[in-house]
Amino acid sequence: MKSTAQLLCLLSTTAVYVHARPQNQGSGTGALENTPGPYTFQAAPVWGNGQPQGAPQPQIKPNPQGGLQTSSTSETQPSSTSKPPNSAQSPGSGSNSLESTAGPHPFEPAPVGPEAAAAEKVKGWQRQYNDYILKKLESRTSGCTKDTLQYRREWHALSKDERIEYTTAVQCLQKLPNKSSNEQIPGARSRFDDVISTHILQALHIHFSGQFLHWHRYYMYIYDKMLRSECGYKGPTPYWDWSLTYQDPLKSKIFDGSVDSMGSNGASVPHEGTLTFAFPGRNFTVPPGTGGGCVTDGPFKDYTVNLGPAAFEPRVGDGSGKDYNPRCLKRDVSPFYANGTRPTAVEKLIGGNDHLEAFSDAFEAAGGLHGNGHFTIGGDPGNDALVSAGDPIFYLHHGQVDRLWTIWQALDPDTRFGSVFGTSTAFNEPPSANITRDFEMQFDVLSDPVTIAATDSTIDGPFCYMYV
């Protein structure tokens, strides 16, 4: 078994939707007028306390004063290999320091003023989180141990070959035949559609509710397992730290359209805002971004979206998003929403919420980081609260959501692990019982039900991973 010192040596080489929930447990509410952004509402919901919330993904190094210390990570790295979940994987694979560059990545200037200070604050929290995880595993000899811990890495910290290997596995999943019933999901044509359809079926339970963070953590775990077991992926599980790209996302390796990106923006076409109506009585218009048309470059330019739309027109069939509707992947990258993922927003989310209900509310609130990340992508299905999992960037975005949650948990582990709140339906409509740790979350064709308790920690239950 590796010692803490050995692991620190390994680490030294590494680099909403507009959401609110019914405040049924005593949380306060913020005035709609105070929510930032050009939202056009057709009905006035009761909003939560969230504000738009961002921080460069650090390189982790040994800290002479103890714990871990960080510096920015590089966009250009040598190729490396990585092992599957629950096996040893060096977090240092394929990464270099960017200390000599102008900012967190060559394509973006370094944050200054309050944003720089916020980025440093989040780096400190990242160090505290990594130190907590390693200490928890120090004496373990079974289950999740230091030898089996998987390291999840930011997209830009992967090598070019690793990024291509990842998108190739996603393309594989998009070609494998579906296992879902055509009676239940008439439009499903692939295993990727099975994943999307599960999000469609559960959307009115897993947003604006006490399931949000726990459900998406396990959903991401299932997706990662499918890429590995069904498509042979062996690389790191990536996430997208949007606070690294908030100034100009189109120049990043997320959207630049290169062979090792997640594809390009959509073609620039004249278009109006998108009126969305995923949740009854809470319609709003997403303003237009910089694209709006089909993705033109990169690994997903020929990908066919089969399901949806469900939250905007033109819908087909019964309007649920489950019917067959083949079309191109569209994106509408928004600088406005990208700016809402800046470092000060991340600092406010993590540092400004002391308990799980407040943290989840802020994440999902109008102008919150969850929605701002989704609306940065935009398009079809990106703007669709039910079908958004149809854009492959969804999974990198929700990796970041999970990362910020587990960092937040580790800052006060005695009170934040094991906590639950809320009910199991969006806005508690229809009314449902309060969530308990024994509550079973549903994953349809992807998995048997899983309890809330089983998904509480990333180093317990089925999980064994840490973000670096």
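1. Helix H5 contributes the most to the lining of the second largest cavity, with 4 residues. The model is predicted: local features need pLDDT of at least 70, side-chain atom pairs count only at pLDDT 80 or more, and totals for chains, interfaces and linings use all residues. Residues are numbered from 1 along each chain as its sequence is written, and side-chain values use heavy atoms, without hydrogens and water. Helices are DSSP runs (H or I, at least four residues), numbered from the N terminus.

2. This cavity (a set of points on a 1 Å grid where a 1.4 Å probe fits but cannot get out; lining residues have an atom within 4 Å of a point) has a volume of about 60 Å³. Two elements, H5 (212–231) and H11 (393–411), each give two or more residues to the lining. Among the lining residues are Tyr166, Met220, Asp224 and Tyr395. By class, the lining has 7 nonpolar, 1 polar and 1 charged residues.

3. Helix H2 (residues 113–137) packs against H11 at an angle of about 75°, with the axes 9 Å apart. H2 is therefore roughly perpendicular to H11 (65 to 115 degrees). Their contact (heavy atoms within 4.5 Å) involves, among others, Trp125 and Tyr129 of H2 and Arg403 and Ile407 of H11.

4. Helix H8 (residues 356–364) is largely enclosed by the rest of the structure, because 9 of its 9 residues are buried (under 20% relative accessible area, 1.4 Å probe, protein chains only). The buried residues include Glu357, Asp361 and Glu364. Their cover includes H5, H7 (343–351), H9 (369–377) and H11.

Key
1 Å grid on protein atoms, 1.4 Å probe; cavity = no way out; pocket = protein on both sides within 12 Å on 5 of 7 lines; lining within 4 Å. Points joined across faces, edges and corners; volume = space filled by probe spheres on them. Nonpolar A, V, L, I, M, F, W, Y, C, P; charged D, E, K, R; others polar. Axes fitted to C-alpha atoms, helices over the stretch in contact; angles between N-to-C directions. Parallel < 35°, antiparallel > 145°, perpendicular 65-115°, else oblique. Buried < 20%, exposed > 50% of the residue type's maximum accessible area, 1.4 Å probe, protein only.
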